[in-house]
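Here is a short briefing on one protein chain. Keep the sequence and the structure open as you read.

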Amino acid sequence: MTLYRSANAAGEPGGPGAPGEPGGPGGGARRALVRLVRAVRRHVDLLTNSGSMMAAILVNSLLGFAYWWLAAKAFPPEAVGSASAAVSAMTVIGTLGMFGMGTLLIAELPRIPAARRWNLIATCLLIAGGAATLGGLGYVALAHLAVPALRGALGSPLWAALLVAGIALTAIALVLDEGLIGLLAGRTQLLRNIYFAAGKLILLGGLALLAIEVTGGEVLATWVAGLLLSIVLLVVSLRRQGRLGSVRPDPSMLRGLGRRAFGHNLLNIAMFLPRTALPLVVTVVLSTRDTAGFYTAWMIFAFLAMVPSTLATTLFAVAAGESAALRSKVRMALFVSLAAGVPASLLLALLARPVMVLFGREYAATAAGALAVLALTYLPTVFRQLFIAIARVRRFVRVATAVAVLAGAAELAAAWYGGAHGDLTTLTVGFAVVVAVEGLVMAPVVLRVALARPAPRTVPSPRTPPPVPRAEPVPDLDRTQELDLDLTQEIPLTRPGGAW
């Protein structure tokens, strides 16, 4: 009996039934892998920049935890409490003081010449720093005139001035980060956050080694100095690499963009304030003990929610300069968010109690149910984030702002009602019900963009010859009657004004 080895058309071993070939046992898996690799290559800008943003969040979280752990071990609780209150004020007022400049940079940087981009960044940094400074002065004035508890946390006038400077630097750093995302320089944005997180931790360690009495002002100084150091080191690094253009502010570049910046700012506030106020609702309706548990559960969920959040921000940066790529970018962002986050959210919901036990049994008893409910809101959170990104690219920001305002008010009202009629878990369930409704409202817009068919290409076939223009009809010179010519007339042989 003769045995034959199958071969393909080229005479090589294999064929339709060979393993790994399209018709073989591993063909389907191989085709899927090839498609995935091609998709990753097409969307490398989206994936790398969002990955850099996630890495920046992780670095800030891990080194931030080390920062506050060292502060709690080395300094009196009063100093740590005053510094943490000041940092919270810096974060809230600095974020509001951005005044939409960061989002405006993401939208406009891809549309302007490369030589002018740093002029626009410098202009937006100047405006954000000025707005945040005014906000900081207002906060200090309010603390001194109306809130005695905050007045005690401010300390001396020197530390109050340091707080105002920190608020301005916070806004500048946040706008700079979003400007770098607008330039699709995610690695550079990550570098600035590493400078900040590591710098303030080193400065705090140096402060702990000094034999001095430390108050909240000195701890705050390490935080503000870390912010300033990160910006300076980044500028020096960009200068050495030749990547920093002219940084002279040019307010004329914002002409005609004020309304758009204001719209983005309103949307940012509508997205930011309700979630920031949620722990306050827990405190008012329940207790500070419940607030501690809820805040911890919220921070754990925030780690998971950063996947769609960073992808949505990068999606806006990428598609703002190339709106035709919106469909494919949304599809990739949706795929990554669902593939990476849905299994993790379900696992977190199942392991909510063991996870909260890591922070203490009291935390588990109080907030394990809240963490499980929050984990189940991951899917509508994905659609919420992508809906906002699509609204920014397609420029229906006013509609998105109205939806965000109504949703935020409904979230707070539902949480208040749930807490008033139960415990922390029922409060979180009330919040989650509204988030689920938001997902149902926003999902059709996201899916319509992601699943839309690409427009057909109108490229003429090379086989089809171009149409020949129709020539004008040539008169028949033999039909003298129709042309009304008199052939008996003498034709002159001279031209007017001279002989031929």
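In which helix is F262 found? F262 sits in helix α10, which covers residues 258–285. This is a predicted model. The chain has 500 residues, and 42% of them are buried. Its secondary structure comes to 18 helices and two strands.

**Confidence**

- The mean pLDDT of the protein chain is 82. A pLDDT of 70 or more is reached by 81% of the residues.
- Residues 1–18 have a pLDDT below 50. Beyond near neighbours in sequence, that stretch has 18 contacts in the model.
- Residues 470–500 also have a pLDDT below 50. Here the model has nine contacts beyond near neighbours in sequence.

**Overall build**

- Among contacts with a separation of 6 or more, 77% join residues 24 or more positions apart.
- The accessible surface of the protein chain is about 27500 Å². Carbon and sulfur atoms account for 66% of that surface.

**Nonpolar cores**

- The largest nonpolar core has 68 residues. V330, M356 and L386 have the most contacts inside it.
- Helix α11 gives this core its largest share, 16 residues.
- L386 touches A312, L315, A333, L334 and V446, leaving out residues up to four places away in sequence.
- A second, separate core has 50 residues. Its members include A83, I93, I167 and L234.

**Salt bridges**

- Side chains of opposite charge can pair when their charged atoms come close.
- The count for this model is seven salt bridges.
- E411 pairs with R275, and their closest N and O atoms are 3.0 Å apart. E411 lies in helix α16 (residues 397–420) and R275 in helix α10, so this pair ties together parts that are 136 residues apart in sequence.
- Is E411 buried or exposed? E411 counts as buried because its relative accessibility is 2%, under the 20% cut-off.
- R275 counts as buried too, at 18% relative accessibility.
- E411 also forms a salt bridge with R384, with 3.6 Å between the closest N and O atoms. R384 lies in helix α15 (residues 378–394) and E411 in helix α16, so the pair ties together parts that are 27 residues apart in sequence. Both E411 and R384 are buried.
- E438 forms a salt bridge with R384, and here the closest N and O atoms are 2.7 Å apart. E438 lies in helix α17 (residues 424–450) and R384 in helix α15, so this bridge ties together parts that are 54 residues apart in sequence. E438 is buried, as is R384.
- R275, R384, E411 and E438 are linked in a network of salt bridges.

**Surface patch**

- F262 counts as partly exposed because its relative accessibility is 46%. That value falls between the 20% limit for buried and the 50% limit for exposed.

- T310 is in helix α11 (residues 288–321). T310 counts as buried, at 2% relative accessibility.
- Which residues does T310 touch, not counting those up to four places away in sequence? The contacts are S50, M53, M54 and I57.
- S237 is in helix α9 (residues 216–241). With a relative accessible area of 15%, S237 is buried.
- Leaving aside neighbours within four places in sequence, S237 is in contact with L191 and Y195.
- T48 is in helix α2 (residues 44–74). T48 is partly exposed, with a relative accessible area of 38%.
- How many residues apart in sequence are T48 and G186? They are 138 residues apart in sequence, but 7.2 Å apart in space, C-alpha to C-alpha.

Methods: Residues are numbered from 1 along each chain as its sequence is written. This is a predicted model: local features need pLDDT of at least 70, side-chain atom pairs count only at pLDDT 80 or more; totals for chains, interfaces and linings use all residues. Side-chain values use heavy atoms; hydrogens and water are left out. pLDDT is the predictor's confidence in each residue, from 0 to 100. Contact means heavy atoms within 4.5 Å. Helices (H or I, at least four residues) and strands (E, at least two) are DSSP runs, numbered from the N terminus. Buried means under 20% relative accessible area, exposed over 50%, partly exposed in between (1.4 Å probe, protein chains only). A nonpolar core is a set of buried Ala, Val, Leu, Ile, Met, Phe, Trp, Tyr and Cys residues joined through side-chain atoms within 4.5 Å. A salt bridge is a side-chain nitrogen of Lys or Arg within 4 Å of a carboxyl oxygen of Asp or Glu. Accessible areas come from the Shrake-Rupley method with a 1.4 Å probe; for residues, only the protein chains shown count as cover.
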